[in-house]
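Let's take a walk through this structure together, starting with strands and ending with rings. Keep the view open as you read.

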Amino acid sequence: MNRTWLSRAIGFSMCASVKYSARGPALIPRMKTKHRIYYIALFSVVLLGLIATGMFQFWPHSIESTADWNVERRSVHDSPLVHLPASSPIPERGDLSCRMHTCFDVYRCGYNPKNRIKVYIYPLRRYVDELGAPISSTGLSREYNELLSAISDSEFYTDDVSRACLFIPSIDVLNQNSLRIRETAQALAQLHRWDRGMNHLLFNMLPGGPPDYNTALDVPRDRALLAGGGFSTWTYRQGYDVSIPVYSPLSAEVELPKKQPGPRPYFVLSSQTAVHMEYRAELDALKAENGEAILILDKCTNLSEGVSPTRKRCYKGQVYDYPHTLQESTFCVVLRGARLGQAVLSDVLQAGCVPVIIADSYILPFSEVLDWKRASVVIPEDKLSEMYSILKSIPQRQVEEMQRQAHWFWEAYFSSMKAIALATLQIINDRIYPYAARSYEQWNDPSVVKWSSVNSPLFLPLIPPRSPGFTAVVLTYDRVESLFRVITEISKVPSLSKLLVVWNNQNKSPPEESLWPKITVPLKVVRTTENKLSNRFFPYDEIETEAVLAIDDDIIMLTSDELQFGYEVWREFPDRLVGYPGRLHLWDHEMSKWKYESEWTNEVSMVLTGAAFYHKYFNYLYTYKMPGDIKNWVDAHMNCEDIAMNFLVANVTGKAPIKVTPRKKFKCPECTAIDGLSLDQTHMVERSECINKFASVFGMMPLKVVEHRADPVLYKDDFPEKLKSFPNIGSL
């Protein structure tokens with residue numbers, strides 16, 4: 001049978017070939033003409049399909065994921081309809097005992113390299129009861145739409161529900177006044193991942209309703225987290241809920257001119273309407289006592305038709321523009337109303353007016369991370385009559401700092417629904433990944449420092465890479481010959497990446513470029529405007545490596561092996577000061593104070609930054625975050641900047657420095673007493689004074705005493721020098 005099939009196939013082929021050979025020249029042109037258009041069209045379709053597939057594969061998918069929450073492109077009226085039968089289940093009222101370790105499943109968040117939670121937003125639905133009546137009178141408010149849009153545009157967002165750690169319903173519960181409580185709760189229970197509210201987050205700014213005006217959302221919500229705008233100490237679940245601001249619509253409508261901190265025409269201003277009569281009476285009494293220093297405004301009753309009452313305030317018939325008038329006062333009163341949370345707080349902060357918060361038990365917005373003592377004054381309600389005298393006792397300099405801080409709080413956390421949403425998610429993120437959480441400074445300090453470009457060495461995931469090397473920073477005044485020798489020696493170190501000379505002499509120019517030593521790495525000279533020792537620790541933009549070697553212009557005795565070994569040790573301990581000259585602090589029992597000791601001992605509590613490696617992060621801390629007046633004191637006395645850096649690092653890390661190599665002698669053979677500060681007769685006395693001064697400012701003694709030294713492997717062993725990685729290490 002197979003042979004028959006094969007013979008037929010061969011026979012057919014032979015016939016075809018005979019036929020083709022007989023008529024081939026006549027058939028070929030005719031076939032091309034007939035099918036050319038067909039083949040060209042088919043090829044074009046295939047090519048376009050490939051191009052379209054490629055564009056879909058590589059086109060940014062974030063556009064698709066955020067389109068659902070675009071204000072202009074999506075409306076609740078376009079979303080699918082969901083009917084809620086009257087018998088639909090209702091969540092429990094809410095568990096006041098919930099905490100992150102009891103009602104939140106952190107295992108859903110898991111580990112990821114960016115230490116960032118993933119947030120899923122439920123698809124938009126239109127919920128109605130069994131009669132077709134909606135569960136909300138307003139549907140999806142513009143504010144909630146903006147909040148969801150901000151989250152979907154953020155790095156927290158994921159459209160993959162299986163990867164989500166936190167779930168946010170598309171059900172708008174910002175304003176309880178617009179909700180049907182029971183039906184809203186039923187809608188929450190319908191969410192396919194609800195699971196008794198586990199890992200769900202609800203945003204609410206106007207809780208409660210008449211006549212009780214509860215301070216938390218009345219909608220039953222099981223174990224869901226609540227980001228609420230009016231929490232009291234009775235309803236706030238510490239470490240679980242998030243207290244958020246009540247957003248002021250004026251933030252988007254009004255752009256106030258920038259006003260510098262300082263004295264203003266009014267000392268205290270009250271602009272709230274519908275204030276309780278008892279509070280109003282006390283405010284009027286303060287006004288009667290202090291006259292023009294206090295301005296008490298109320299709603300206007302004589303406005304022309306068409307004028308918005310929300311943008312005006314009045315006092316005895318005189319009309320004031322609101323919120324502009326808030327900029328005319330140093331302090332602005334924020335009183336409790338029917339609800340604890342008030343939108344006026346946002347208006348006051350925007351104006352750079354220091355809020356005087358008089359609302360007992362109120363949990364201030366984001367108080368978990370924000371230090372409100374820096375931006376506001378909180379006065380108990382029963383002390384309202386003493387408000388003026390309390391505020392008068394605050395120094396003017398502190399007032400100006402509070403004005404500056406208040407406006408920055410508004411810009412960073414109050415100015416938009418986006419700012420509120422992202423701050424809320426960041427707080428939750430910090431709870432789940434505490435080792436990567438924002439620091440106090442990042443939450444509370446205006447961004448005068450580019451912290452994003454500097455990583456703290458306290459939580460480095462790996463040993464710093466060898467390849468970037470280190471930047472040597474040499475502080476000099478006019479010892480040019482010694483400086484050049486130092487540069488020449490340091491340039492021999494294999495890991496040197498850049499050499500930065502800080503020229504601290506304003507009366508003398510540095511040598512011409514042609515006179516400087518020729519080295520293989522970049523050499524940059526920075527001229528300072530004042531002769532300050534702290535200039536050596538300034539976070540210069542030229543420092544691009546994490547590792548910094550601070551070295552004096554007279555340390556010419558260190559070999560390239562010693563410096564390279566010091567850098568290798570620092571790579572293992574990037575959060576420590578790693579240096580060569582070791583020093584010790586001792587308690588003088590007779591004098592009852594600390595004493596600076598430079599004798600050769602086995603104990604070390606400091607390494608001098610005349611020759612030491614450290615992480616550049618500490619330059620920022622030294623320059624911008626040094627406690628008290630230590631930095632100014634150092635510059636005024638021209639001494640102890642190295643001790644100050646030791647105090648700072650030990651206080652931040654709780655760890656001792658590391659001394660490397662056995663070398664103890666750091667003498668400059670060509671330097672005289674006139675050249676070197678450390679040879680001055682009064683030097684040792686001042687060093688002891690520094691330690692006592694700094695301990696007083698820090699309120700403790702952070703320095704740690706250790707008996708430890710790092711030496712290279714095989715340093716003392718009887719091996720050929722060629723087998724040792726660091727053969728040229730100095731001795732005692």
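Two strands count as paired here if DSSP finds at least two bridges between them. With that in mind, turn to strand E10 (residues 312-315) and strand E11 (residues 318-321) in this predicted model: four bridges join them, and they run antiparallel. Lys312 stands opposite Asp321 in E11. The two strands E10 and E11 form a hairpin with two residues between them. In that turn, Lys316 has a positive phi of about 50 degrees.

Now step back for the overall picture. The protein has 18 helices and 25 strands. Of its 732 residues, 50% are buried. Among contacts with a separation of 6 or more, 77% are between residues 24 or more positions apart.

Next, follow the chain to an open sheet of three strands, in the order E21-E20-E22, with antiparallel pairing. Its edge strands, E21 (593-597) and E22 (606-607), each pair on one side only. Strand E20 (residues 582-588) is joined to E21 by five bridges, and Asp588 stands opposite Lys593 in E21. Which helix lies across E20, E21 and E22? That is helix H18 (residues 683-698), running at about 135 degrees to E21.

From there, move to helix H10 (residues 396-414). This helix has 19 residues and reaches 26 Å from its first C-alpha to its last, close to the 27 Å expected at 1.5 Å a residue. Its buried residues include Val399, Met402, Gln403, Gln405 and Ala406, and the list also holds the aromatic residues Trp408, Phe409, Trp410, Tyr413 and Phe414. Several of these names come back in a ring cluster: ring pairs link Trp408, Phe409, Tyr413 and Phe414 with Phe366, Trp372 and Trp443.

Trp443 also leads us to another residue worth a look. Gln426 lies in helix H11 (residues 417-432). Is Gln426 buried or exposed? Its relative accessible area is 15%, so Gln426 counts as buried, the cut-off being under 20%. Leaving aside neighbours within four places in sequence, Gln426 is in contact with Phe156, Arg438 and Trp443.

The aromatic rings deserve a tour of their own. How many aromatic pairs are there? The count comes to 28. One of them is Phe231 with Tyr236, a tilted pair at 5.4 Å centre to centre, with 55 degrees between the planes. Both Phe231 and Tyr236 are buried. Phe470 and Tyr567 form another tilted pair, at 5.4 Å centre to centre and with 45 degrees between the planes. This pair links distant parts of the chain, since Phe470 is in strand E15 (residues 470-476) and Tyr567 in helix H14 (residues 560-572), 97 residues apart. Phe470 has a relative accessible area of 0%, so this residue is buried. Tyr567 is buried too, with a relative accessible area of 1%.

Lys392 lies over the face of Phe267, at 4.5 Å from the ring centre. Arg536 lies over the face of Phe537, at 5.9 Å from the ring centre.

Note on methods
Residues are numbered from 1 along each chain as its sequence is written. This is a predicted model: local features need pLDDT of at least 70, side-chain atom pairs count only at pLDDT 80 or more; totals for chains, interfaces and linings use all residues. Side-chain values use heavy atoms; hydrogens and water are left out. Rings of Phe, Tyr and Trp (its six-membered ring) pair if their centres lie within 6.5 Å; planes under 30 degrees apart count as stacked, over 60 as edge-to-face and the rest as tilted. Buried means under 20% relative accessible area, exposed over 50%, partly exposed in between (1.4 Å probe, protein chains only). A charge sits over a ring if NZ of Lys or CZ of Arg is within 6 Å of the ring centre and within 35 degrees of the ring normal. Contact means heavy atoms within 4.5 Å. Axes are lines fitted to C-alpha atoms, for helices over the stretch in contact, and angles run from 0 to 180 degrees between N-to-C directions. The expected span of a helix is 1.5 Å times one less than its number of residues.
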